[in-house]
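Please open the structure in your viewer and keep the selection tool ready. This tour goes stop by stop.

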Amino acid sequence: MKAILIIAHHCILPGAYKGFEEILDQLHHDMPGTRVASTSLLDLENDLRALLREDVESVTLLPYLLLNGQHTKNDVPKVVARLQAEYPQIPITLLPCLGDWKEFAGMVVSGIRNAEIRNNVIASPVGAKQSISSNSNFFSIELNLEGKNVLVVGGGRIALRKVKTLLPTGARITVVAPQFDPEFESLQSADKVAELSRRAESASITLKTRPYEPLDLRGIFMVFICTDQPTVNAQVSNDARARRILMNNACDYLDGDFIVPARMDFGQNIAVTVSTQGRAPSLAKKLKQKIQTEWAEGLEQVEKEFYES
């Protein structure tokens with residue numbers, strides 16, 4: 001079995017490895033039978049040695065780096081030479097860093113052109129507004145969460161708002177945080193759950209007063225990240241993505257798998273949602289207020305006439 005090991009910088013910021021993980025997924029898909037793995041510059045020696053101890057016939061290393069600097073010229077080659085001497089029977093091939101690939105310049109130009117097409121960027125004088133495409137990568141959908149396990153990481157006001165939004169769905173909600181906003185305690189009562197939930201029989205809230213642990217994701221269908229700690233957010237994000245769990249990051253909407261639009265209920269069966277694709281929450285709030293003020297009576301009348309006809 002051949003192996004590919006991709007070397008990247010170490011980073012804890014949420015979403016930092018999104019594009020990197022897409023490349024790994026593509027390699028897994030397009031090169032079946034090849035062992036595809038990743039490592040950081042800090043862990044290279046340990047991870048490469050562990051890979052060489054497996055039943056592999058060769059290893060190809062790719063420095064996922066743009067500049068041919070200290071790491072690619074000195075640090076990585078020294079590690080490769082040292083381990084090649086330890087395992088002479090297994091060929092180790094070190095590829096150039098991405099910035100030295102002949103194809104790289106063309107990839108950059110192509111990417112810029114595609115971005116301009118997607119965003120419909122039009123050259124204009126300084127100070128003039130640019131035309132921005134309304135295209136979005138988000139797919140609007142309504143999920144049935146009744147009886148499903150949902151994790152909320154964080155105990156502040158943002159987490160509290162998420163929980164209040166989730167309760168009407170009938171989800172089984174677990175909230176993990178070292179400390180909680182005082183209002184969380186009142187939400188745990190059966191009467192309060194019944195008051196806020198349209199499906200009180202399946203809805204529940206469990207509070208765990210401690211830091212997040214990876215095992216909290218066991219059996220979870222969806223997770224909401226609502227802390228102000230970048231390190232915690234990054235860990236939850238990476239753990240959820242590794243387990244293929246749907247994830248929403250309140251601090252970085254681009255890092256998550258989905259966003260939650262502003263929702264309004266009218267009458268018995270009408271729901272209206274407003275979204276600005278995560279780019280302008282304050283605008284979504286303003287639109288919601290306008291719709292609630294100006295549309296409520298009309299929508300309820302339309303529903304009434306529909307059922308009476």
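Select Phe224 to begin. Phe224 is buried, because its relative accessible area is 4% (buried means under 20% relative accessible area, exposed over 50%, partly exposed in between, with a 1.4 Å probe and protein chains only). This is a predicted model, where local features need pLDDT of at least 70, side-chain atom pairs count only at pLDDT 80 or more, and totals for chains, interfaces and linings use all residues. Residues are numbered from 1 along each chain as its sequence is written, and side-chain values use heavy atoms, with hydrogens and water left out.

**Aromatic pairs**

At 17% relative accessibility, Phe258 counts as buried. Phe224 and Phe258 form an edge-to-face aromatic pair, 5.6 Å centre to centre with 90° between the planes. Rings of Phe, Tyr and Trp (its six-membered ring) pair if their centres lie within 6.5 Å; planes under 30 degrees apart count as stacked, over 60 as edge-to-face and the rest as tilted. This pair links distant parts of the chain, 34 residues apart: Phe224 is in strand β8, and Phe258 is in the loop between β9 and β10 (262-266). Helices (H or I, at least four residues) and strands (E, at least two) are DSSP runs, numbered from the N terminus.

How many aromatic pairs does the structure hold? There are three. Another to select is Phe180 with Phe184: the ring centres are 5.3 Å apart and the planes stand at 65°, so this pair is edge-to-face. Phe180 is buried, at a relative accessible area of 17%. Phe184 is buried too, at 0%.

**A charge over a ring**

Go to Phe221 and show Lys148. Lys148 lies over the face of Phe221, at 5.5 Å from the ring centre. Here a charge sits over a ring if NZ of Lys or CZ of Arg is within 6 Å of the ring centre and within 35 degrees of the ring normal.

**Strand β9**

Select Asn248, in strand β9 (residues 246-249). Is Asn248 buried or exposed? Asn248 is buried, with a relative accessible area of 5%. Now show its contacts (heavy atoms within 4.5 Å). Not counting residues up to four places away in sequence, Asn248 touches Lys162, Val223, Phe224, Ile225, Phe258, Ile259 and Val260.

**An exposed loop residue**

Move to Asp228, in the loop between β8 (222-225) and α8 (230-242). Asp228 is exposed, with a relative accessible area of 65%. Draw a distance to Ala250: the C-alpha atoms are separated by 9.5 Å, and the residues are 22 apart along the chain.

**Strand β3**

Select strand β3 (residues 58-63). Five of its six residues are buried. β3 pairs with strand β1 (residues 2-8) in the parallel sense over six bridges. Two strands pair if DSSP finds at least two bridges between them. β3 also pairs with strand β4 (residues 92-94) in the parallel sense, over three bridges. Pick Val59 in β3, the bridge partner of Ala3. In β4, the bridge partner of Val59 is Ile92.

**The whole protein**

Zoom out. The protein has ten helices and eleven strands. Buried residues make up 34% of its 309 residues. Among contacts between residues at least 6 apart in sequence, 65% join residues at least 24 apart.
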